[in-house]
Amino acid sequence: MKLTWIDLNSWIFQLAGKTVLVDPWLVDSMVFYGQPWLFTAAHSTPPAFTPETLPPIDVILLSQGLDDHCHVPTLEKLDRSLPVVASPTAAKVVKKLGYQQITPLMAWEETTIAPNLHITAIPGPEIQPGQTENGYLLKDLQTDKTLYYEPHQFPFQAAERIGKVDVAIAPVIGQIFPLLGQVVMGPQQTLQMLQALHPQFFLPTTRGEIRATGLLPMLTQSVGSVEEFRDRLIASGLSTKLLVPNPGESVEC
């Protein structure tokens, strides 16, 4: 399993003989809900990949329909014939963009990218009433290796059903939004997730250097850091190995 962090929530997963592009933000700025006054973000440094320099992609995986996971300017520049596996809200976005092979997954629904990549949608956060997004459990059917990806909050009530995984990717820097509360988990919750899933490797996501302006960044509170999480992990005695790749860096698990 080879994992490449691009920036923020964007990844390239290589497993089961497939290359998966996850939540890509590769061009332009990011604007929430088309409202620059609310939230606008830009990369502090150019992303490690552009749509033109990506390796050959087999499938696009979208966890949410929000702009930081389902970035329309990036998706407009990718091949519309690529298969897309997405949360229902993200599936609506790519359908409007003209993508031809879309598999929307609700919680616990499954699909297989032939022949060996099995993807299960894991219940993610309720971003707003009635809008529940996805995490994903990816499994190599040939080796039985598993990768769990969740960019917001771990569903602790589903831990037993998810079971033990080989690799986990999740945030360690929490985000508390006005009115919504904590929508991205921080060091304490992530450590509890590792205690439930016992992965061999853990990689933090939802991080990176961006320039954010607008009302929402002014009101958002961050909780924790990679360093705090590392200290908590060491103190816990868990055998999970923390891997913190730089932008564009690949690690093998």
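Analyst: Buried means under 20% relative accessible area, exposed means over 50%, and partly exposed lies in between, with a 1.4 Å probe and protein chains only. This is a predicted model, where local features need pLDDT of at least 70 and side-chain atom pairs count only at pLDDT 80 or more, while totals for chains, interfaces and linings use all residues. Residues are numbered from 1 along each chain as its sequence is written, and side-chain values use heavy atoms, without hydrogens and water.

User: In the open sheet that contains S20, what is the strand order?

Analyst: Strands (E, at least two residues) and helices (H or I, at least four) are DSSP runs, numbered from the N terminus. Two strands pair if DSSP finds at least two bridges between them. This sheet has seven strands with mixed pairing, in the order S8-S7-S6-S3-S2-S1-S20.

User: Which strands of that sheet stand at the edges?

Analyst: An edge strand has a single partner, so one of its sides has no neighbour in the sheet.

User: At what angle to S8 does helix H2 run?

Analyst: Helix H2 (residues 88-96) lies across S6, S7 and S8. Contact means heavy atoms within 4.5 Å. Relative to S8, helix H2 runs at about 165°.

User: What is the strand order in the open sheet that contains S19?

Analyst: Here the pairing is mixed and there are seven strands. S9 and strand S19 (241-242) each have a single partner, so they stand at the edges. The order is S9-S10-S11-S12-S13-S16-S19.

User: Which strands does H4 touch on the sheet?

Analyst: H4 packs on the sheet, and its direction makes about 160° with that of S13. The strands touched are S12, S13 and S16.

User: Which residue is the bridge partner of Tyr148 in S13?

Analyst: Strand S12 (residues 146-149) and strand S13 (residues 167-171) run parallel, joined by three bridges. Leu147 stands opposite Val167 in S13. For Tyr148, the partner is Ala168.

User: Are the named residues on both faces of S12 buried or exposed?

Analyst: One side of S12 carries Thr146 and Tyr148. The other carries Leu147 and Tyr149. Both faces are covered, and all four residues are buried.

User: Which residue in the turn between S11 and S12 has a positive phi?

Analyst: Strand S11 (residues 131-140) pairs with S12 in the antiparallel sense over four bridges. The two strands form a hairpin with five residues between them. The phi in question is about 70°, and the residue is Asp144.

User: What N to O distance joins the side chains of Lys139 and Asp144?

Analyst: A salt bridge is a side-chain nitrogen of Lys or Arg within 4 Å of a carboxyl oxygen of Asp or Glu. Lys139 is partly exposed at 30%, and Asp144 is partly exposed at 48%. Their side chains meet in a salt bridge at 3.8 Å.

User: Which residue's side chain meets that of Arg232 in a salt bridge?

Analyst: The N to O distance is 3.0 Å. Both partners sit in helix H6 (residues 226-236), four residues apart, so about one helical turn separates them. The partner of Arg232 is Glu228.

User: What is the relative accessible area of Asp23?

Analyst: Asp23 sits in the loop between strand S3 (18-22) and strand S4 (30-31). Its phi is near 45°, positive in a residue other than glycine. Asp23 is buried, at 0%.

User: Is the peptide bond from Ala114 to Pro115 cis or trans?

Analyst: Most peptide bonds are trans. Pro115 lies in the loop between strand S9 (110-113) and strand S10 (117-128). Omega of the bond from Ala114 is near 0°, and the bond is cis.

Notes
Axes fitted to C-alpha atoms, helices over the stretch in contact; angles between N-to-C directions.
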